[in-house]
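Work through the following exercises with the structure open beside you, and try each task before you read its solution.

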Amino acid sequence: MSTVPRIEVTDLRISFGQGRGRVDAVKGVTFAVAPGESFGLVGESGSGKSTILRALCGLAPVSGGEVRVDGVPLDARRDKAFAAKVQMVFQDPYGSLHPRHTVDRILAEPLAIHGLKDRDGRILRALADVGLDAAFRFRLPHQLSGGQRQRIAIARALILEPAILLLDEPTSALDASIQAEVLNLLTRLRSERNLTYLFVSHDLAVIDHMCERLLVMRGGEAVEALEQGHLARREVRSDYARRLMVASDGFVRPAGRSPAPL
Ligand SMILES: Nc1ncnc2c1ncn2[C@@H]1O[C@H](COP(=O)(O)OP(=O)(O)OP(=O)(O)O)[C@@H](O)[C@H]1O
Ligand SMILES: [Mg+2]
C-alpha cells in the first residue's frame, strides 16, 4: 500500500529575471517526501536549495513543474490553511525575528492571525516545547543567545501545529555545541509530533545525521540521491558529491555517531 507523499516536487523549475539577466536557479528537480520523513537538500552555495524552500512557501516564482502537498497541487496563492500546515525556519534568527517585538508578541502574532484561543496557554506551552522557561516570554531578541533565538523561531513555527517544517540552514549560524542542542531538539520534536522535515544545509554531517534521504544539488540540478549513512560511509557515485565531502573537512564523523546529547 502506498501512502500519498506529504510533499511531492515534480520537475520543478524556478527562474529569476529575464533576457540576459535571467538566472535559472532550479532546473527540473524531482523528489517526494513521505509523511514523518526528514528529507535533505545539500549542495554548494548557489545550488538552489533555499530557492526550492522559498518556492514551496510561495516566496519564489514557480516557472515550471508542480508542487503538491498531501496530494493537492499548490497554486500561486498560499492561504491561511497552508500556513497552518507548512512553516519555515530560516538560518538567521536575528533577521527572522522582529528586533523590537518581545518573544510574547512574536509568538502571539500567528495565533491572532489564525484566530486561535488560549493565547497564554499556547505561548507557555510553545516555550516549554523548545526548552525555554516562562521568564523568556518578555525578552527582546537581542536579549537572547543565538541558540535561544533559534529556539524561539522554532517555537513560532510550531505554534500553529503544522505538519511540515521547511528548515533552511537552521543551525548554520550557531557554534558547534549549540548546533548539536538545536539539532537534538528538532529530532525530538519530529518524533513527538510526527513532523515532516525538508532540511536544507551545506553541511554534509548535519544532513547525514538529520535526514533519512537526501538530494545532492549542484547548479539548480539534483546530482545524486542518497540515503542516511551513505555520506558518512563515503558511498557516493558522483565526483561532485565526493568533492563536497573533501571540501567539508569537518565531515569526519563515523557512521552512527550523533552530536552530543542535550
Ligand atoms: N530573488 C532572486 N533574484 C535573482 N536571483 C536569485 C534570487 N534568489 C536566488 N537567486 C539565485 O538563484 C541561485 C540559487 O540561490 P539559492 O539561494 O537557492 O542557493 P542556495 O543553495 O540556498 O545557496 P546557499 O548555500 O549560499 O544558501 C543563485 O544563483 C542565486 O543568485
Ligand atoms: Mg540558501
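A residue counts as buried when its relative accessible area is under 20%, as exposed when it is over 50%, and as partly exposed in between. The model used in these exercises is a predicted one.

**Exercise 1.** Decide whether Arg 22 and Asp 24 count as buried, partly exposed or exposed, and state how closely their side chains approach each other.

Solution. Begin with Asp 24, whose relative accessibility is 35%, so that it falls between the two limits and counts as partly exposed. Finally, look at the pair itself: Arg 22 and Asp 24 form a salt bridge, in which the closest N and O atoms are 2.9 Å apart.

**Exercise 2.** Find which side chains meet in the salt bridge of Asp 129, and which helices the pair links.

Solution. The side chain of Asp 129 meets that of Arg 193, at 2.4 Å from N to O. This pair links distant parts of the chain, since Asp 129 lies in helix α5 and Arg 193 in helix α7 (residues 176–193), 64 residues apart.

**Exercise 3.** Work out on which side of helix α9 (residues 239–247) its buried residues lie, and what they pack against.

Solution. First list the buried residues of α9, which are Tyr 240, Ala 241, Leu 244 and Met 245. These residues cover an arc of only 140 degrees around the axis, which puts them on the same side of α9. The buried residues of α9 pack against β3 (38–43), α8 (204–210), β9 (213–218) and β10 (221–227).

**Exercise 4.** Describe how helix α4 (residues 103–113) packs against helix α5 (residues 119–129), and which residues meet there.

Solution. Start with the geometry: the helices pack at an angle of about 115 degrees, with their axes 10 Å apart, and α4 passes α5 in a right-handed crossing. Then identify the contacts, in which Val 103, Asp 104, Leu 107, Ala 108 and Leu 111 of α4 meet Arg 119, Arg 122, Ile 123 and Leu 127 of α5. Sorted by class, this contact has 6 nonpolar, no polar and 3 charged residues.

Notes:
Residues are numbered from 1 along each chain as its sequence is written. Chains are lettered from A and ligands numbered from 1 in the order in which they are written. This is a predicted model: local features need pLDDT of at least 70, side-chain atom pairs count only at pLDDT 80 or more; totals for chains, interfaces and linings use all residues. Side-chain values use heavy atoms; hydrogens and water are left out. Buried means under 20% relative accessible area, exposed over 50%, partly exposed in between (1.4 Å probe, protein chains only). Helices (H or I, at least four residues) and strands (E, at least two) are DSSP runs, numbered from the N terminus. The arc is that of the directions from the helix axis to the C-beta atoms. Contact means heavy atoms within 4.5 Å. Axes are lines fitted to C-alpha atoms, for helices over the stretch in contact, and angles run from 0 to 180 degrees between N-to-C directions. A crossing is left-handed if the near helix is turned anticlockwise from the far one by less than a right angle, and right-handed if clockwise. Ala, Val, Leu, Ile, Met, Phe, Trp, Tyr, Cys and Pro count as nonpolar, Asp, Glu, Lys and Arg as charged, and the others, Gly among them, as polar. A salt bridge is a side-chain nitrogen of Lys or Arg within 4 Å of a carboxyl oxygen of Asp or Glu.
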